[in-house]
Amino acid sequence: ILANTKASSGEVNWKFDKYDNELEFVKSLELSLPKEYYKDETFRDDNNLYLLFKSRKGDYRVVRYSIKTDEFDEIDGSIERKAYIRDMAVYKDHAYFTASKRGLPHLLTVDLKTGVQDYRPIEIEGISSKKLSIDNMQILEESNEVFLMVEATISKRQNRMYVIRMNDKGQIKDHYNFSENADYRINSLTASSLGGEDYVFSGTYSSKASSASNGMYFALVSKGKVTSINYYDFLDLDNFLNYLPQRKQEKIEKKKSKKEDRGKEYTISYWLATHNIIKVDDGYLFLAEAYYPTYRTEARTTTTFVNGVATTTTTYVQVFDGYQYTHAFFAKFNFKGEKVWDQSFEMWMAYKPFYVKRFINIAEQTQDAIKLVFATYNKIASKSFSFNGEVISDEMSDEIETGSDTDKTKRSFSNISFWYGNYFLAYGSQTIKNKDGDEKRKRTVYFVNKIKF
């Protein structure tokens, strides 16, 4: 658990509280950093916690905390003031950051042993760097590679999605245009390694005249060439909208029929946060979480003076208000990339994250079934599916307890993460009301619960 406290010498003490696997307190550790540093990105693997601290002057510090030895390693670096570093990933002894410099996409690689940094522009031959943006960065441990998905905006009606492959030291192996022969506009791209030079790519697509996704695709790639790609409109999937009440499903079907009668196409738009492909004996399991961006309207007032007379003007602007998750999509594809079956289930979350998040964890996988778990409000949902698409179980836990029978939970935000073996951590915050004699008491607590499946 990480917290910060002010120090007297112009530094800030960052405190780490360590607990054992029974959630019993073990020890506290402290790390002192200059007060101008603020915590930005984090990344964790089985043995280490990585923290990126930045200052507004362009300095940064990568801190590695060893879970086994309780030791800290620190690497300092700096970039130009008009450069920004964003998403963080760590593989072996290198940290990777997507970045921008004067509005152009870059990749920052930091050797965590030597501190040597490599800040390089992202370039595609024949395309201006002003038209490029990094869509996604992935670590593929199965193939010891780092993938960058780069979107090239050629025009309002045309884009291209490029794949840049790098080895585990950040050296570029090759790149290719994934959407070269695509029938639709590719809006997102996620990769999974099948071994050797073979990969599965999945994501969303739309008509070439629009960036709003109206379907998903499943593609097989070998040696940089797309060997097969299958497109599935969301409305043509068997169970994609099953999470909705029956009346809403019927209403959408009526709208679709009316459009088709007039020779037009009716579409719905979702974004998908896809998980790594799971390979089974006779195909692939595909899991994705559907979401959409939300916005709120804010009023902004400005006052100007002309000849001493004040004029007040109010304008209304749309402000991003987080991603609303609605449901999960679970499907199976054969080795040709053709859909065998699909299922969906509701997963309306208690809060809207401002970054793309994956809420679902795999609790158990056997030779013919899989169990999925996720936290929703102050409960834990568990779904089990056979590899034939049958729902084996659909359960919801009791409410996450506060530790006192007199507590009444007014609000709860929770997450669940795999820990070890069959154990998961459910954690989050709760707003609690209770009575202490005749006095009402309200408090907000952060909780951590150990859950066994």
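Two strands pair if DSSP finds at least two bridges between them. Strands themselves are DSSP runs of E with at least two residues, and helices are runs of H or I with at least four, numbered from the N terminus. The structure is a predicted model, in which local features need pLDDT of at least 70, side-chain atom pairs count only at pLDDT 80 or more, and totals for chains, interfaces and linings use all residues. Residues are numbered from 1 along each chain as its sequence is written, and side-chain values use heavy atoms, with hydrogens and water left out.

In strand 27, Leu-372 is the bridge partner of Ile-362. Strand 27 covers residues 369–376 and runs antiparallel to strand 26, with 4 bridges between them. Both strands belong to an open sheet of 4 strands, ordered 26-27-28-29 and paired antiparallel. Strand 26 (361–365) and strand 29 (391–396) are the edges; each has a single partner strand, so one side of each lacks a neighbour in the sheet. From one strand to the next, the twist averages 15°. Such angles run from 0 to 180 degrees between N-to-C directions, with axes fitted as lines to C-alpha atoms.

The protein as a whole contains 1 helix and 32 strands. Its radius of gyration, taken over C-alpha atoms, is 25 Å. The C-alpha atoms fill a box of roughly 70 × 70 × 60 Å along the principal axes. Of the 453 residues, 45% are buried. Buried means under 20% relative accessible area, exposed over 50%, and partly exposed in between, with a 1.4 Å probe and protein chains only.

Arg-61 lies in strand 6 (residues 59–66). Arg-61 counts as buried because its relative accessibility is 13%. Its side chain makes a polar contact of 3.0 Å with that of Glu-74. A polar contact is a pair of N or O atoms within 3.5 Å; within protein, one must be able to donate a hydrogen and the other to accept it, and residues adjacent in sequence count only if both atoms are side-chain atoms.

Glu-338 sits in the loop between strand 24 (309–333) and strand 25 (339–346). At 36% relative accessibility, Glu-338 is partly exposed. Beyond neighbours within four places in sequence, Glu-338 is in contact (heavy atoms within 4.5 Å) with Asn-230, Tyr-232, Lys-332 and Phe-333.

Notes. The radius of gyration is taken over C-alpha atoms; the globule rule is 2.2 Å times the number of residues to the power 0.38.
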